[in-house]
Amino acid sequence: MILDLNRDHSENITYSYPGHFLFIDKDRLSHYPQYTGLSHWHDDTEFIAVLSGEMDYNINGRIVHMSEGEGLFVNSRQFHYGFSKGRRECVFLCILLHPMLLCSTPSMEQDYITPVLSNTALPYQLLHEDIPWEKKILQALRQMYDALGQPAFPLLILSLFCQIWRELHIHAPQDGPQTADSSGQLSTIREMVHYIQKNHAKKISLDDIAAAGNVCKSRCCSLFHRYLNQTPVNYLIRYRLDQSIGLMTSTDMNITQISYEVGFSGTSYFSETFRRHFGCSPMQYRKRALEYDQKGADLTPF
């Protein structure tokens with residue numbers, strides 16, 4: 001869960017198949033604290049296919065709902081995360097594919113790839129089974145997952161990605177001018193989020209976060225609520241918790257060391273906050289994580 005950031009503050013994806021710029025995984029929402037992912041953005045395009053259950057998705061502050069059989073395309077460089085306020089389970093495919101995979105020639109990139117990536121009217125696209133072209137994309141996503149492990153499966157996935165992109169290109173809404181206001185707001189929130197991610201281990205105040213975006217505290221809170229649907233302080237706490245999970249599952253550091261390493265003021269406060277978000281203590285989570293690694297057990301929080 002530790003986010004690796006690029007120089008422009010976007011997430012550096014840890015690909016499941018690094019040499020091919022592919023991330024393809026089946027996951028469940030209950031694996032995330034309070035059934036809520038951490039808001040992030042990256043250059044890769046993201047696809048979600050809901051296999052069972054339901055969940056909401058926040059893209060740049062707009063919330064869309066997906067049920068079983070439905071899915072979502074999230075364009076490059078958009079803030080996004082999935083969640084369920086009612087803590088309802090959702091099993092889904094998450095597929096991240098870098099657009100560079102399709103840029104075989106300069107003309108291909110210019111004529112077909114860039115127009116979709118830069119289309120300000122297409123930050124995302126909901127996918128429904130009762131709309132033929134959207135159904136094709138959903139079927140291709142499931143075929144991608146099923147292809148894993150087959151001979152030369154990256155070639156099959158690339159072929160399916162081409163088919164998906166053709167549908168997106170043909171059916172994309174007409175591009176429109178992005179207002180300076182919305183563009184500036186996204187830049188501001190990215191700067192403030194980056195400040196939190198870079199300095200989470202230190203003592204951070206709301207004044208510090210607002211200063212990173214060169215806005216007042218009220219404006220800072222307003223932007224976090226609009227785009228991330230939470231307060232700056234809640235985002236900071238959630239980010240610290242995510243970093244703690246990475247340390248618990250990848251190091252031998254004890255819980256006290258981890259609590260201070262990620263920016264909590266004490267072990268008791270860290271443990272209390274962790275339990276409130278995950279429904280179990282840090283030690284219980286670490287134990288279950290170890291069982292998951294050794295036996296492939298389910299890591300669903302208690």
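A salt bridge here is a side-chain nitrogen of Lys or Arg within 4 Å of a carboxyl oxygen of Asp or Glu. With that in hand, here are some notes to read beside the structure.

This is a predicted model, in which local features need pLDDT of at least 70 and side-chain atom pairs count only at pLDDT 80 or more, while totals for chains, interfaces and linings use all residues. Residues are numbered from 1 along each chain as its sequence is written, and side-chain values use heavy atoms, with hydrogens and water left out.

1. Let me start with R77 and D43, whose side chains meet in a salt bridge at 2.4 Å, N to O. This pair links distant parts of the chain, 34 residues apart: R77 is in the loop between strand 4 (71–74) and strand 5, and D43 is in the loop between strand 1 and strand 2 (45–59). Helices (H or I, at least four residues) and strands (E, at least two) are DSSP runs, numbered from the N terminus. R77 counts as partly exposed at 31% relative accessibility, and D43 does too, at 26%. For reference, buried means under 20% relative accessible area, exposed over 50%, and partly exposed in between (1.4 Å probe, protein chains only).

2. The whole structure contains eight salt bridges. Another one to look at joins E89 and R28, at 3.7 Å from N to O. E89 lies in the loop between strand 5 (80–83) and strand 6 (90–97), and R28 in strand 1 (residues 22–28), so this contact ties together parts that are 61 residues apart in sequence. E89 is partly exposed, with a relative accessible area of 30%; R28 is also partly exposed, at 28%.

3. Rings of Phe, Tyr and Trp (its six-membered ring) pair if their centres lie within 6.5 Å, with planes under 30 degrees apart counted as stacked, over 60 as edge-to-face and the rest as tilted. Y81 and F83 have ring centres 5.6 Å apart and planes at 40 degrees, so they form a tilted pair; both residues are buried. F161 and W165 form an edge-to-face pair, with centres 5.7 Å apart and planes at 90 degrees. These two are four residues apart in helix 3 (residues 153–171), or about one helical turn, and both are buried.

4. R190 lies over the face of W41, 4.3 Å from the ring centre. The criterion is NZ of Lys or CZ of Arg within 6 Å of the ring centre and within 35 degrees of the ring normal.

5. Finally, K202 sits in the loop between helix 4 (180–199) and helix 5 (206–212). K202 is exposed, at 53% relative accessibility. Its C-alpha atom is 9.2 Å from that of Y260, 58 residues apart along the chain.
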